[in-house]
Amino acid sequence: MSESTFQNAPTDALVIIPTYNEADNIGPVLERVQNLPIPISILVVDDNSSDGTAAIVRSAMEDAPERVHLIERSGKLGLGTAYLRGFRYALSQDYTYICEMDADRSHDPDDLPRLIEPVRDDEVDLAIGSRYVDGVRVINWPLSRLVLSYSAGIYTRTITRLPILDVTAGFKCFHRRVLEALPLGHVNSDGYAFQVEMHYRTWRAGFRIKEIPVVFTERTEGESKMSRDIVLEAALKVWELRIRSLLNRL
């Protein structure tokens, strides 16, 4: 199969990549996903980046129009709504394996087939790329960030009983049946809280979840989107989820 034919080969897998000012990173990420040994389509959801991120994606679309897709939004509307928009797109286009991945190169595209495989083999309904299975797997994180992330996991598991080590992981693969079953219209969180909420709802709905060990590498280009508001939202969201679950109002 020629390179151009492979790039436009039909695929039942889609990776959703939200972006906001990721011009330094998005080009290499798109290239690496397209060069994987299995065909995976890409949907970039861009929040009106001012650095030309969308233009880079449009250029990639010209070379692989069946594999690279772009949704441009009017402003910085947040990670959670970007993924929800991507989920709706994936379901409407009949993708079966629907992945999340960051644009900042903290997630290794080479791990995407490892996340898709157990879902495709019907071993699990959600495969999560985990930093905390078989030890701690992070590179270039300051100790304070590691302590915050690990402590967030303990805090979340204590309150919700969620049986996941990396509760805020943003690298994963859903089977479409999960997203079809969950009440996505009720999901109203963002950032880390969005990831916690999706994990919790998936678990409470009775779907099978497995953590796959991956290495997380801190970004080297661009600016982190981490903020105090994101951390606070996640801290409060776990209580909301637990209370709603006890009241059968998830």
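This section describes strand pairing, nonpolar cores and cysteines in a predicted model.

Strand β2 spans residues 41-46 and pairs with β3. The two strands run in the parallel sense, over 5 bridges. One of the bridge contacts joins Ile-42 to Val-68 in β3. Strand β3 covers residues 68-72 and is mostly covered itself, with 4 of its 5 residues buried.

In soluble globular proteins, nonpolar side chains tend to be buried together. The largest nonpolar core here holds 34 residues. Ile-16, Phe-87, Ile-98, Leu-179 and Met-198 touch the most other members. At least two residues of this core come from each of β1 (13-19), β2, α4 (79-92), β5 (126-130), α7 (176-181), α8 (191-204) and α9 (228-246). Helix α4 gives the largest share, 7 residues.

Met-198 illustrates the contacts. Beyond its neighbours within four places in sequence, Met-198 is in contact with Phe-87, Phe-174, Leu-179, Leu-182, Leu-184 and Val-187. Another core, of 31 residues, lies apart from the largest one. Its members include Ile-17, Tyr-97, Leu-115 and Ile-116.

The search of the whole structure returns 0 disulfides. Cys-99 is in no disulfide, and its nearest cysteine sulfur, that of Cys-173, is 3.7 Å away. Cys-99 is buried, at 0% relative accessible area. Cys-173 likewise is in no disulfide, and Cys-173 also counts as buried, with 0% relative accessibility.

Technical notes
Residues are numbered from 1 along each chain as its sequence is written. This is a predicted model: local features need pLDDT of at least 70, side-chain atom pairs count only at pLDDT 80 or more; totals for chains, interfaces and linings use all residues. Side-chain values use heavy atoms; hydrogens and water are left out. Buried means under 20% relative accessible area, exposed over 50%, partly exposed in between (1.4 Å probe, protein chains only). Two strands pair if DSSP finds at least two bridges between them. A nonpolar core is a set of buried Ala, Val, Leu, Ile, Met, Phe, Trp, Tyr and Cys residues joined through side-chain atoms within 4.5 Å. Contact means heavy atoms within 4.5 Å. A disulfide is a pair of cysteine sulfur atoms within 2.5 Å.
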